[in-house]
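Hi,

Here's the structure I promised to pass on. Have a look first, and then read my notes below.

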Amino acid sequence: TGTVTSSGPTGLDIELGVWTGTLTSVSPPSSPPTATMYYKKIGTRIHISGDFGNVNTSGGSGDMRITGLPFTPRADSHEGGFNWYGIAFDTSTHVTLKCGTGGYLNWAVSEDNGAWSTLDITAGTTKYISFSMSYNID
């Protein structure tokens with residue numbers, strides 16, 4: 001899939017490549033959208049980015065996820081950001097992108113400063129999500 005490996009100035013292995021991400025949920029959409037994503041591996045730190053543009057998530061329900069990560073993340077080792085269109089939140093909602101325990105990305109949401117829970121997919125057409133994040137591997 002087009003990876004380039006080199007040795008960086010500190011002797012860390014550096015790898016660049018592509019991976020195929022799938023936007024899915026606990027009950028997957030009728031045709032889960034896929035897209036080409038990008039990664040950079042520096043030692044045990046993975047930087048990933050990608051986007052799903054104008055996709056159809058009809059038929060999906062439950063915890064929204066991005067699967068197909070290029071490397072399995074270590075639990076609770078994430079930081080990053082995202083943007084989306086076609087999914088609405090009220091002003092008292094806090095959302096973060098995180099690594100799920102099953103080796104996928106998902107979103108955690110806290111409404112009105114309550115407990116964190118997972119974000120359910122918004123099924124339908126004309127959905128957009130772009131993201132960039134980093135995580136560690138063992």
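How many helices and how many strands does the protein chain have? It has zero helices and 10 strands, where helices (H or I, at least four residues) and strands (E, at least two) are DSSP runs numbered from the N terminus.

Two quick things on the source. This is a predicted model, where local features need pLDDT of at least 70 and side-chain atom pairs count only at pLDDT 80 or more, while totals for chains, interfaces and linings use all residues. Residues are numbered from 1 along each chain as its sequence is written, and side-chain values use heavy atoms, with hydrogens and water left out.

Now the inside. Of the chain's 138 residues, 41% count as buried (under 20% relative accessible area, with a 1.4 Å probe, protein chains only). The largest nonpolar core has 25 residues; such a core is a set of buried Ala, Val, Leu, Ile, Met, Phe, Trp, Tyr and Cys residues joined through side-chain atoms within 4.5 Å. W19, I48 and F131 are among those with the most contacts inside it. Strands that each supply at least two residues of this core include β2 (13–27), β4 (45–55) and β10 (127–136).

Take I48: leaving aside neighbours within four places in sequence, its contacts (heavy atoms within 4.5 Å) include W19, L105 and F131.

Also check N136, in strand β10. N136 is buried, at 17% relative accessible area, and its side chain makes a polar contact of 3.1 Å with the side chain of R45. A polar contact is a pair of N or O atoms within 3.5 Å; within protein, one must be able to donate a hydrogen and the other to accept it, and residues adjacent in sequence count only if both atoms are side-chain atoms.

Cheers

Notes: Buried means under 20% relative accessible area, exposed over 50%, partly exposed in between (1.4 Å probe, protein chains only).
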